[in-house]
Amino acid sequence: MLITTTEILQGMEIESYLGLVMARVPDAKTASLKKKYEQSTADLKREVSAALEKAAQEIGADAVIGVRVEPETLSSLVIGTAVKLKR
């Protein structure tokens with residue numbers, strides 16, 4: 001599964017846009033969630049990528065494009081667009 005912040009995938013053609021997928025990342029300032037943030041940044045990135053991938057696979061996507069982070073009060077929301085690629 002490809003996950004990228006760009007809106008296009010070089011050398012690939014998007015067949016259809018399937019919708020938004022998202023994952024939530026807890027805020028490090030929340031004391032009860034501090035343990036979660038003791039993970040390395042790489043671990044957190046893998047966890048968020050896995051959540052986006054799972055959500056995208058559930059709707060039949062091959063990739064997630066345009067990924068961005070939307071900060072919120074107690075967490076951050078990671079959002080992307082699930083797409084089906086032309087084979």
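Which side chain meets Asp-62 in a salt bridge? I opened my notebook with that one, working from a predicted model.

**Entry 1: Asp-62.** I found the side chain of Arg-87 there, with N to O at 2.9 Å. Asp-62 sits in the loop between α1 and β3 (63–71), while Arg-87 belongs to the segment after β4, so this pair ties together parts that are 25 residues apart in sequence. I then looked up accessibility for both partners. Asp-62 is buried, at 14% relative accessible area, whereas Arg-87 is exposed, at 80%.

**Entry 2: the whole structure.** How many salt bridges does a search of the whole structure find? I noted five.

**Entry 3: Lys-86 and Glu-13.** Next I checked Lys-86, which forms a salt bridge with Glu-13; their closest N and O atoms are 3.3 Å apart. Lys-86 is in the segment after β4 (75–85) and Glu-13 is in the loop between β1 (2–3) and β2 (14–26), so the bridge ties together parts 73 residues apart in sequence. Are these two buried, exposed or partly exposed? I wrote down 47% relative accessibility for Lys-86, which counts as partly exposed. Glu-13 is partly exposed too, with a relative accessible area of 46%.

**Entry 4: within helix α1.** My last stop was Glu-58 and Lys-54, whose side chains meet in a salt bridge at 3.9 Å, N to O. I located both in helix α1 (residues 41–58), where they are four residues apart, about one turn of the helix. Both Glu-58 and Lys-54 are exposed.

Technical notes. Residues numbered from 1 in each chain as written. Predicted model: local features only at pLDDT ≥ 70, side-chain atom pairs only at ≥ 80, totals over all residues. Heavy atoms only, no water. Salt bridge = Lys/Arg side-chain N within 4 Å of Asp/Glu carboxyl O. Helix = DSSP H or I, 4+ residues; strand = E, 2+ residues; numbered from the N terminus. Buried < 20%, exposed > 50% of the residue type's maximum accessible area, 1.4 Å probe, protein only.
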